[in-house]
Amino acid sequence: MTNALVFGHGAVGREITAILVARGDDVTVAQRHLPPALPFGVRFVTCDLTAEDQTIAAYAGQDVVICAAAFPYDSRIWAKAWPAAMTAMLTGCERSGARFVFADNLYMHGPQPGATPPALREDMPLTDYGRKPKIRADITRLWQTAHDAGRVRAAAVRASDFYGPDVPNSPISTLGVARLIAGKKAMVLGNPDLPHDVTYVPDFARAVVMLADAPDDAYGQAWNVPNAPTRTLRALLALAAGLAGTRLRLRTMPGWIFPLLGLIRRDAYELAEMRFQTERPYRVDSSKFRNRFGMEPTSFEDGMAATVAFYQQQVGTG
């Protein structure tokens with residue numbers, strides 16, 4: 001049995017916690033506010049991840065610490081919160097000896113060159129582009145430096161855009177599937193006809209737990225989550241519409257509109273610098289993870305069926 005501390009109980013943190021509990025681990029969840037529901041036997045610790053004293057105190061008796069936390073999608077908040085949180089978590093690991101696994105995204109690579117960019121690999125350079133990508137690159141350097149110095153044993157698991165049941169921060173789930181089931185047009189940010197890799201949240205959680213269990217030689221590096229074979233967002237939403245028994249109707253928001261909307265809306269301002277993800281093909285190379293751990297991703301047929309079923313139930317009980 002492992003003593004595991006999970007920071008954050010959103011879509012990814014819930015899935016990670018469920019896996020750990022199901023196999024009999026001793027799990028503690030930490031975040032600012034008590035979640036609406038925790039699995040039986042899971043302890044909860046109130047913790048502001050940016051407060052070093054609270055974060056370090058949560059480490060008592062832990063073997064592994066998993067960060068699945070998120071901050072509001074605002075670069076002003078990220079600029080202060082993420083460096084403070086990462087520093088606190090690494091300090092806690094150094095003092096306690098716990099291993100550290102970071103459930104990360106792919107922003108730190110920034111835009112890649114060319115009209116058809118290469119698939120993202122773990123060994124690509126960290127970017128200095130923009131606000132949010134640069135922040136993710138900066139905190140990546142923090143855990144890499146701490147590991148290389150022998151202070152901690154740290155690794156990151158990187159996922160592309162999320163989808164899945166009960167994933168409120170997923171454009172595919174909430175702006176796409178949920179709207180189709182409600183009889184509305186699905187909204188797509190950017191070009192719906194470009195190849196775009198997406199990550200099924202339960203697969204992300206499985207990959208994180210695999211890294212938490214892995215030998216020390218798997219640490220000190222990043223690992224990309226395996227995704228189902230690449231499709232376009234239009235194809236994914238067409239699959240969802242078919243499973244839901246409805247007609248696919250799309251409303252697209254082209255990338256050029258976000259800088260204009262950003263003058264009056266903060267969410268559009270934050271999306272403007274991320275246009276490189278939706279205006280060109282976006283692929284992820286996960287061969288490193290597959291070759292090491294043998295993990296196969298959930299098919300879109302199965303993942304989207306679970307996603308559609310969840311939102312159909314929400315409509316039925318709403």
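Guide: Gladly, and let us start with Arg-14, which counts as partly exposed because its relative accessibility is 28%. Please keep in mind that this is a predicted model.

Visitor: What makes 28% "partly exposed" for Arg-14?

Guide: Buried means under 20% and exposed means over 50%, with partly exposed in between. Arg-14 has 28%, so partly exposed is the label.

Visitor: Which residue meets the side chain of Arg-14 in a salt bridge?

Guide: That is Asp-166, with 3.0 Å from N to O. A salt bridge needs a side-chain nitrogen of Lys or Arg within 4 Å of a carboxyl oxygen of Asp or Glu, so the pair qualifies.

Visitor: Why is this pair said to link distant parts of the chain?

Guide: Arg-14 sits in helix α1 (residues 11-22), Asp-166 is in the loop between β7 and α5, and 152 residues separate them. Asp-166 is also partly exposed, because its relative accessible area is 31%.

Visitor: Is Glu-273 buried or exposed?

Guide: Buried, because 7% relative accessible area is under 20%. Arg-131, at 28%, is therefore partly exposed.

Visitor: What places Arg-141 and Asp-138 about one turn of the helix apart?

Guide: Both lie in helix α4, three residues apart. An α-helix has 3.6 residues a turn, so residues three or four places apart point the same way. The side chains of Arg-141 and Asp-138 meet in a salt bridge at 3.0 Å, N to O. Arg-141 is partly exposed because its value is 30%, and Asp-138 is partly exposed because its value is 29%.

Visitor: Which residues do salt bridges with shared partners join into one network?

Guide: The network consists of Asp-74, Arg-76, Arg-131, Lys-132, Arg-266, Glu-270 and Glu-273. The whole structure has 26 salt bridges.

Visitor: Why is Leu-260 called exposed?

Guide: Its relative accessibility is 53%, and exposed means over 50%, so the label holds. Leu-260 lies in helix α8 (residues 257-261). Together with Trp-256, Leu-263 and Ile-264, Leu-260 forms a nonpolar surface patch of about 550 Å² accessible area.

Visitor: And why is Thr-28 called buried?

Guide: Thr-28 has a relative accessible area of 3%, which is under 20%, so buried is the word. Thr-28 belongs to strand β2 (residues 26-31), and its contacts include Leu-5, Val-6 and Val-45.

Visitor: Which strands pair with β4?

Guide: Strand β1 (residues 3-7) pairs with β4 in the parallel sense over four bridges, and β4 pairs with β5 (residues 99-104) in the parallel sense over four bridges. Pairing asks for at least two bridges, so both cases pass. Ile-66 of β4 is the bridge partner of Val-6 and has Val-101 as its partner in β5.

Definitions and conventions: Residues are numbered from 1 along each chain as its sequence is written. This is a predicted model: local features need pLDDT of at least 70, side-chain atom pairs count only at pLDDT 80 or more; totals for chains, interfaces and linings use all residues. Side-chain values use heavy atoms; hydrogens and water are left out. Patches are made of residues with over 30% relative accessible area and no salt bridge: like charges are joined within 9 Å, nonpolar side chains (Val, Leu, Ile, Met, Phe, Trp, Tyr) within 5 Å. Accessible areas come from the Shrake-Rupley method with a 1.4 Å probe; for residues, only the protein chains shown count as cover. Helices (H or I, at least four residues) and strands (E, at least two) are DSSP runs, numbered from the N terminus. Buried means under 20% relative accessible area, exposed over 50%, partly exposed in between (1.4 Å probe, protein chains only). Contact means heavy atoms within 4.5 Å.
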